[in-house]
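Hi,

Here is the structure I promised to pass on. Have a look at it first, and my notes come after.

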Amino acid sequence: MRGFGPGLTARRLLPLRLPPRPPGPRLASGQAAGALERAMDELLRRAVPPTPAYELREKTPAPAEGQCADFVSFYGGLAETAQRAELLGRLARGFGVDHGQVAEQSAGVLHLRQQQREAAVLLQAEDRLRYALVPRYRGLFHHISKLDGGVRFLVQLRADLLEAQALKLVEGPDVRAWDLSSPFQEMNGVLKGMLSEWFSSGFLNLERVTWHSPCEVLQKISEAEAVHPVKNWMDMKRRVGPYRRCYFFSHCSTPGEPLVVLHVALTGDISSNIQAIVKEHPPSETEEKNKITAAIFYSISLTQQGLQGVELGTFLIKRVVKELQREFPHLGVFSSLSPIPGFTKWLLGLLNSQTKEHGRNELFTDSECKEISEITGGPINETLKLLLSSSEWVQSEKLVRALQTPLMRLCAWYLYGEKHRGYALNPVANFHLQNGAVLWRINWMADVSLRGITGSCGLMANYRYFLEETGPNSTSYLGSKIIKASEQVLSLVAQFQKNSKL
């Protein structure tokens, strides 16, 4: 998870600690690639258990533990990403769903429905169809999960799979896109489903981090921070000290191993500036509970890429809210202070497209164009493309003031109006809206770090959690794609619709 959202993309700074494994295959430099491919095929033939007949599905003995361990060992010996992708591709293509069986069982279900057979016969036919839809490699994953360290291995394997897809290593010059992308997507879905079961809330432990936590845990938390990087140990001490809380989820099988980390600031109101949270010293070393009326979630980071898409962040926020309510019964305000990744890139794309269309401008009013051009001394679109691509523009107080109004309304539209399949395009917004939060406030110059300026023009957003309304809001967003927003945001959206012509 990079950023406050689900998406939730992970930094691979904290490697999974797999148990010691024997070395995998090492090929001499002069051996042909075909030798490795033959070794892969032989491994898969031995390691992947055959799918038992439907009638024997509960009576077939599990494969020998050594067969699964051989796969883990072989995979661990593949040092190159492309080699791991090749092995996963062969596993996905050669040991997936038997589509012939699926077609046969589907035809059987349709035939029985047309004959209006009794319910028991139809239910068994549907069960046979479900059984046929299970890919053969799922059995391998299931048995690997029972090995010591097997679940961690599968988390890393899924991370490799996602990396291969991102790098397009699943495609080749002699293979059509659908030949490989579909099996890889299917394998990703299978692994995600299995990991979602293994990492469901009932198996997760909530742990709080303080300055007195083990050094190893503090180091891991520091390295895992993906939103606002920790600069040094004093910075880390502030983030787990007075008026701050830091929590993480660990799995019951690996206590003390952070999976997802949440940082909270305890304040008197809804924060509008991240530097006030991550840089300023607390008002005192001793917390005064009467001064704490708001909890601000300012950073959430997933530590393992292989758990991307598993609902750890959502579960963590809910658990932390309950924990804070127990500690501070009077606490009533819960909000995030979130980055807006992608806003600058989106804005630059608009400026670039408008430049190509004969220099016309539909993002700014005439008076705004005149004011900005006078300050920059050049055509607004071309000049802004250069300025916003760096962080130097914030050095000009006049330019910062001139850009505040147009960029605020453009950002409001980006968060509220730009959609992907009907949902918010911005992944952080989508994460909080799915959780039932309200798009509460957009804050100008809220993150003046280099990352904040270059990634979102210094803007940040508050997503506020009204606890009694999160359920209905989530249902409305997921079901009807309705975004709940405050008057400030809706006013900015209305200004955009009035002054821009997108």
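This is a predicted model: local features need pLDDT of at least 70, side-chain atom pairs count only at pLDDT 80 or more; totals for chains, interfaces and linings use all residues.

Residues are numbered from 1 along each chain as its sequence is written, and side-chain values use heavy atoms, with hydrogens and water left out.

First, the sheet. There is an open sheet of 7 strands in the order S1-S2-S3-S4-S5-S9-S8, and the pairing is mixed. (Helices, H or I with at least four residues, and strands, E with at least two, are DSSP runs numbered from the N terminus; two strands pair if DSSP finds at least two bridges between them.) At the edges sit S1 (204-209) and S8 (438-443), each of which pairs on one side only. From one strand to the next, the twist averages 30 degrees; axes here are lines fitted to C-alpha atoms, for helices over the stretch in contact, with angles running from 0 to 180 degrees between N-to-C directions.

Strand S3 (residues 260-267) is worth a click. Of its 8 residues, 8 are buried, where buried means under 20% relative accessible area, exposed over 50% and partly exposed in between (1.4 Å probe, protein chains only). In a regular strand the side chains alternate between the two faces of the sheet. In S3, Val260, Leu262, Val264 and Leu266 point one way, with Val261, His263, Ala265 and Thr267 pointing the other way. S3 runs antiparallel to S2 (residues 244-251), joined by 6 bridges, and Phe248 stands opposite Val261 there. With S4 (residues 294-302), S3 pairs in the antiparallel sense over 8 bridges, and Val260 faces Leu302.

Further along, S5 (residues 333-336) and S9 (residues 460-465) are antiparallel too, over 2 bridges. Phe334 stands opposite Tyr465 in S9.

Next, the helix pair. The axes of H17 (residues 427-434) and H19 (residues 470-480) come within 8 Å and cross at roughly 125 degrees. H17 and H19 are therefore oblique to each other: under 35 degrees counts as roughly parallel, over 145 as roughly antiparallel, 65 to 115 as roughly perpendicular and the rest as oblique. Asn430, Leu433 and Gln434 of H17 make the contact with Ser474, Tyr477 and Leu478 of H19, contact meaning heavy atoms within 4.5 Å.

H19 also holds Thr470, which counts as buried at 17% relative accessibility. Leaving out residues up to four places away in sequence, Thr470 touches Asn435, Gly436 and Tyr465. That is the Tyr465 that stands opposite Phe334.

Two more residues to look up:

- Arg84 is in helix H3 (residues 81-94) and is buried, with a relative accessible area of 14%. Its side chain reaches the backbone oxygen of Leu78 at 3.1 Å. Not counting residues up to four places away in sequence, Arg84 touches Tyr75, Leu78, Ala79, Asp160 and Glu163.
- Lys146 is in the loop between H6 (137-144) and H7 (150-166) and counts as exposed at 57% relative accessibility. Lys146 and Glu65 are 81 residues apart in sequence, yet 8.9 Å apart in space, C-alpha to C-alpha.

Cheers

Definitions and conventions. A polar contact is a pair of N or O atoms within 3.5 Å; within protein, one must be able to donate a hydrogen and the other to accept it, and residues adjacent in sequence count only if both atoms are side-chain atoms.
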